[in-house]
Amino acid sequence: MSDRWVLAPGGGSRARALVISVLAPALALGLALIVQPEHELGAASMFLLAVVAASVAGGIWAGIGSSLLGFLSLNYFFTEPLHTLRVHNRDDVVALVVFLVVALLVGWVVARAVAERDRATRREREARLLNLIATKALSGEPLDRVLSDLAAALVDALRLASCEIHAAAAGRTYEVRRTRPGTVDGDAFDVPISGGDVGFGTLTASPPLREELLPEDRRLLEAAASQIAVCLERARLDAEIAAARLEAERSQARAALFSSVTHDLRTPLASIKTAVTSLLQVGVRFDPAQARELLQTVLEETDRLNRLVGNILGLAQVRSGALLPVKDPTPLDEIVESVLHRLGTRLAGVRVRTIFRDAPEVPVDPVLIDQVLSNLLENAARFSPAGGEVVVSVAPWRSGVQVRVADQGPGIDPDDRERVFEPFTQLGVSGPDAAGGSGLGLAISRAIVLAHGGRIWIEGTPGGGTAVVFELPVRDAAPVPQEVAAREAPS
């Protein structure tokens with residue numbers, strides 16, 4: 001028996017109630033004529049049973065119809081004179097009237113009890129459905145999956161033939177259709193999905209062919225459409241917040257980049273211009289040592305300018321997804337020695353000590369790893385005290401090779417060790433050359449290490465300095481997403 005015929009008072013359609021009100025007493029009459037053809041009391045029991053069955057199956061109107069037909073059948077077939085509607089005996093009149101009253105009362109009570117049971121069942125089902133919708137709205141799952149699950153829940157809860165959701169929000173269009181196998185769509189019922197003055201789309205529910213949606217079903221669909229509108233409104237607001245946050249980050253990046261260009265680029269350019277202007281002065285002669293010093297200044301500032309521009313270009317590559325390393329098996333200690341040789345003048349103010357253990361070759365892009373080590377060593381020299389020691393170690397570690405660059409500077413607070421990997425982040429650290437950093441070195445280094453499938457993090461040192469550590473896998477590995485690396489960074 002389908003719940004759709006007993007949810008509303010009256011038990012469903014009038015045609016169904018009419019059929020049940022005729023069929024139930026007819027079956028009771030046939031059974032009474034076969035079993036007890038001459039016993040009026042037994043026949044009355046049969047007809048009362050028919051009234052109960054009709055009230056359960058067809059509702060109050062089926063119970064009333066069954067009571068009236070049972071009354072007439074009892075009079076016609078079991079009351080003297082038989083096969084007429086006349087009654088000679090006064091006691092029989094009383095019995096028939098009592099039967100009719102009892103049958104009507106029984107039918108009404110049974111139909112009411114069934115209706116209350118079905119209403120309670122419907123309320124429970126509606127509560128579960130609305131709770132599911134609210135849970136899905138707060139689940140954080142992709143919106144297309146949420147809408148698909150909600151459409152499936154409506155099909156199951158309301159026994160629909162199909163349910164469709166056509167909506168648009170946050171620049172995306174959502175087309176969802178869920179069906180119940182073995183059914184044919186009937187007349188569709190459309191519910192607008194809207195929140196306030198904003199329309200998002202339409203919820204379309206189709207009951208099975210030759211069936212209609214009950215008023216309770218329509219109200220539930222309207223409630224579901226309202227909840228779906230809440231989900232879409234939330235998606236729209238989330239998109240607006242994300243766009244505003246992205247615009248703010250872009251503005252911050254542009255401001256930081258402008259600051260970097262106006263300060264960090266002007267400093268080496270000013271030094272280069274001063275040195276070249278001095279060399280080109282007419283009437284001024286420099287001895288070879290002075291000329292060499294000026295040319296050395298030009299060379300150093302040119303290298304500094306080249307590294308800064310390289311970091312800016314590297315950041316652009318990272319943001320565009322174009323950072324693709326060309327890997328070759330390479331000993332990392334050879335890259336370290338090459339970088340130390342090239343940065344000899346830059347590292348003149350500190351003592352550099354190397355520790356190389358027997359480490360296998362690693363598939364890396366030598367140019368990119370050279371850039372990582374250059375950034376780390378320049379930072380170590382910048383934040384180390386005059387005459388301080390910088391230790392560079394290369395050693396095998398588990399399934400990779402670990403490189404550590406440690407200094408004796410003031411160190412980095414543990415709460416800031418993850419933040420310094422963000423572009424244009426400069427902490428207020430004192431040192432002989434603390435000014436002039438662009439805040440890009442560690443960001444580019446991290447992007448390069450992640451592109452090799454490795455990881456990079458910052459540790460403290462026993463002397464209070466900073467150690468930047470990165471690991472690269474011995475075997476070729478896929479790139480690691482930035483957010484995964486941040487979540488899994490060692491503490």
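Modeller: Let me start with the salt bridge, which is called when a side-chain nitrogen of Lys or Arg lies within 4 Å of a carboxyl oxygen of Asp or Glu. Please keep in mind that this is a predicted model, in which local features need pLDDT of at least 70 and side-chain atom pairs count only at pLDDT 80 or more, while totals for chains, interfaces and linings use all residues. Residues are numbered from 1 along each chain as its sequence is written, and side-chain values use heavy atoms, with hydrogens and water left out.

Biologist: Which residues are linked in a network of salt bridges, and how many salt bridges does the structure hold?

Modeller: The network links Glu164, Arg177 and Asp185, and the structure holds 15 salt bridges.

Biologist: How do you know that Arg177 and Glu164 form a salt bridge, and what does the pair tie together?

Modeller: The closest N and O atoms of Arg177 and Glu164 are 2.2 Å apart, and since the limit is 4 Å, the pair therefore qualifies. Arg177 belongs to strand β2 (residues 172-179) and Glu164 to strand β1 (residues 162-169), so the bridge ties together parts that are 13 residues apart in sequence. Helices (H or I, at least four residues) and strands (E, at least two) are DSSP runs, numbered from the N terminus.

Biologist: Why is Arg177 called partly exposed?

Modeller: Buried means under 20% relative accessible area and exposed means over 50%, with partly exposed in between (1.4 Å probe, protein chains only). Arg177 has a relative accessible area of 44%, so it counts as partly exposed.

Biologist: What makes Arg234 and Asp238 a salt bridge, and where do the two residues lie?

Modeller: Their closest N and O atoms are 4.0 Å apart, and the pair is called a salt bridge. Both residues lie in helix α6 (residues 215-280), four residues apart, about one turn of the helix. An α-helix has 3.6 residues a turn, so residues three or four places apart point the same way. Arg234, at 37% relative accessibility, counts as partly exposed, as does Asp238 at 42%.

Biologist: How do you know that Glu240 and Arg236 meet in a salt bridge?

Modeller: The N to O distance between their side chains is 2.8 Å, and they too lie in helix α6, four residues apart. Glu240 is partly exposed at 43% relative accessibility, and Arg236 is partly exposed at 24%.

Biologist: Is Leu295 buried or exposed, and why?

Modeller: Leu295, in helix α7 (residues 288-320), has 51% relative accessibility and therefore counts as exposed.

Biologist: What is the nearest side chain of opposite charge to Asp407, and how far away is it?

Modeller: It is Arg382, 9.6 Å away, and Asp407 is buried yet has no salt bridge; for this search Lys and Arg count as positive and Asp and Glu as negative, while His and the chain ends are not counted. Asp407 lies in the loop between β9 (400-406) and α10 (441-451), and its side chain reaches the backbone nitrogen of Gly409 at 3.0 Å.

Biologist: Why is α10 called largely enclosed by the rest of the structure?

Modeller: In α10, 11 of the 11 residues are buried, so the helix is largely enclosed by the rest of the structure; Arg446 is one of these buried residues. After α10 comes Gly453, whose phi is positive, near 80°.

Biologist: Which residues touch the most other members of the largest nonpolar core?

Modeller: Such a core is a set of buried Ala, Val, Leu, Ile, Met, Phe, Trp, Tyr and Cys residues joined through side-chain atoms within 4.5 Å. Of the 36 residues in the largest one, Leu332, Ile369, Leu373, Leu377, Phe470 and Leu472 touch the most other members. Its largest share, eight residues, comes from α9. A second, separate core of 34 residues includes Leu154, Ala157, Leu160 and Val176.

Biologist: How many helices and strands does the chain have, and how many of its residues count as buried?

Modeller: The chain has 11 helices and 11 strands, and 42% of its 491 residues count as buried. Of the contacts with a separation of 6 or more, 68% join residues 24 or more positions apart.

Notes: A polar contact is a pair of N or O atoms within 3.5 Å; within protein, one must be able to donate a hydrogen and the other to accept it, and residues adjacent in sequence count only if both atoms are side-chain atoms. Contact means heavy atoms within 4.5 Å.
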